[in-house]
Amino acid sequence: MQAIYIPQLAKAPERTEALEVKEYFPDLETLTPVQGKMRVVHQGKYLEVTATAETIVTLTCDRCLQQYNHRLAVQTSELIWLEEPEEDLEAIPLEREITLEELVETLPPEGMFDPGEWLYQQLCLEIPLRKLCDQACGGIQVGDNISGADAIDRRWASLQDLKKHLSN
């Protein structure tokens, strides 16, 4: 996907760019291409970005370690404010208080908006934190038929013999 030059978007018909998405993202391993639609509207002081997209990813179950396919779908929108950065990034202290108003996405009004990167981030946010192949997944099955004598690792047999010899 091509990056959008924000001043050019302001001059577009209806100040809108509509995009059809059907591609693979290099940093997101998917079985199918990401398919969907995006719309970027220049609203003067901010960009209004909406997207509907889906793909299929292969995940590994946290309980049983089996791989399974998961449909990843997003239907989201975000407002990205257009304002020049106020501070030089090198002058920002390592520790500083951040107000709630500072927790917004901003871009320079004369900059670029990368819809591919934005959609990639939205898809990554939809990957479940707890990956389960099934809600009833019992996890890795451990065999119950191991007797006490068989439970000793054969590599420790010499140490067991030495232990018996010392106790006598």
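User: In what order do the five strands of the open sheet run?
Analyst: This is a predicted model, where local features need pLDDT of at least 70, side-chain atom pairs count only at pLDDT 80 or more, and totals for chains, interfaces and linings use all residues. Residues are numbered from 1 along each chain as its sequence is written, and side-chain values use heavy atoms, leaving out hydrogens and water. Strands here are DSSP runs of E, at least two residues, and helices are runs of H or I, at least four, both numbered from the N terminus; two strands pair if DSSP finds at least two bridges between them. With mixed pairing, the order is β2-β3-β4-β5-β6.

User: Which strands sit at the edges?
Analyst: An edge strand of this sheet pairs on one side only. That picks out β2 (16-23) and β6 (106-107).

User: Which residue is the bridge partner of L82 in β6?
Analyst: Strand β5 covers residues 67-82 and pairs with β6 in the parallel sense, over two bridges. In β6, the partner of L82 is L107.

User: At about what angle does helix α2 run to β5?
Analyst: Helix α2 (residues 115-126) lies across β2, β3, β4 and β5. Axes are lines fitted to C-alpha atoms, for helices over the stretch in contact (heavy atoms within 4.5 Å), and angles run from 0 to 180 degrees between N-to-C directions. For α2 and β5, that gives about 130°.

User: Is L166 buried or exposed?
Analyst: L166 belongs to helix α3 (residues 157-167). Buried means under 20% relative accessible area, exposed over 50%, and partly exposed in between (1.4 Å probe, protein chains only). Because its relative accessible area is 67%, L166 counts as exposed.
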